[in-house]
Amino acid sequence: AYQLEQTLYKLQQTQTQLIQTEKMSSLGQLVAGVAHEINNPVNFIHGNLSFADRYTHDLLELVHLYQKYYPKPDLEIQERAEKIDLEFLIEDLPKILSSMQVGTERIRQIVLSLRNFSRLDQAKMKPVDIHEGIDSTLLILQNRLKSKDSFPEIKVVKEYSDLPQVECYAGQLNQVFMNIISNGIDALEEGIDN
């Protein structure tokens with residue numbers, strides 16, 4: 001009876017592990033798909049922003065030349081310049097383009113983190129940056145860290161040291177990080193409920 005009980009227990013543990021591995025594999029595939037879908041339009045926008053920036057710079061230089069050689073434009077041009085607040089536009093347009101470039105760069109970094117996390121299908125050992133794996137996992141779990149109705153925000157304090165790359169299975173290591181951090185969040189949530 002004891003041996004049967006032990007076998008059933010081991011079987012249950014194996015089944016739980018298989019289900020968890022399958023879940024993580026499905027999550028990895030989902031994340032990889034989302035990252036790919038986001039990456040294409042963001043790269044298109046990011047790539048075209050440099051052209052938009054150059055064209056804007058050229059057009060603004062042309063406006064300055066017009067202002068230099070035609071300091072007293074026709075009344076219609078003066079009215080139009082006032083209506084669109086030309087001086088503010090000249091000052092603000094480069095700032096807008098710059099903030100758009102910062103925004104697209106941030107999205108590209110997020111996509112890279114998503115892709116790093118989704119290395120669940122990589123079957124060979126290779127040197128990886130452990131911090132990258134933790135950061136990617138935290139990004140995936142970011143929504144669970146935010147405050148909710150009866151649950152305060154979970155603040156994550158990272159105190160990384162200088163680590164060499166570690167030879168490992170990147171996807172499986174990310175699974176470990178996901179399990180540990182998820183379990184930690186679960187424990188905190190249960191602690192609040194009790």
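## A pair in helix H3

Let's start with Lys 95, which counts as partly exposed at 48% relative accessibility. In this predicted model, the side chain of Lys 95 meets that of Glu 91 in a salt bridge, with N and O 3.4 Å apart. Glu 91 is partly exposed too, and its relative accessible area is also 48%.

Where do Glu 91 and Lys 95 lie? Both are in helix H3, which covers residues 86-117, and they sit four residues apart, or about one turn of the helix.

## Another pair along the helix

Helix H3 also holds Arg 108 and Glu 105, three residues apart, again about one turn of the helix. These two form a salt bridge as well, and their closest N and O atoms are 3.5 Å apart. Arg 108 has 31% relative accessibility, so it counts as partly exposed. Glu 105 comes in at 32% and is partly exposed too.

## A link between two helices

Now for Arg 144, which makes a salt bridge with Glu 189; here the closest N and O atoms are 3.2 Å apart. Arg 144 belongs to helix H5 (residues 142-145) and Glu 189 to helix H6 (residues 170-193), so this pair ties together parts that are 45 residues apart in sequence.

Are these two buried or partly exposed? Arg 144 is partly exposed at 25% relative accessibility, and Glu 189 is partly exposed at 21%.

## The overall count

How many salt bridges are there? The count comes to five, including the Glu 91 and Lys 95 pair we began with.

Notes
Residues are numbered from 1 along each chain as its sequence is written. This is a predicted model: local features need pLDDT of at least 70, side-chain atom pairs count only at pLDDT 80 or more; totals for chains, interfaces and linings use all residues. Side-chain values use heavy atoms; hydrogens and water are left out. A salt bridge is a side-chain nitrogen of Lys or Arg within 4 Å of a carboxyl oxygen of Asp or Glu. Buried means under 20% relative accessible area, exposed over 50%, partly exposed in between (1.4 Å probe, protein chains only).
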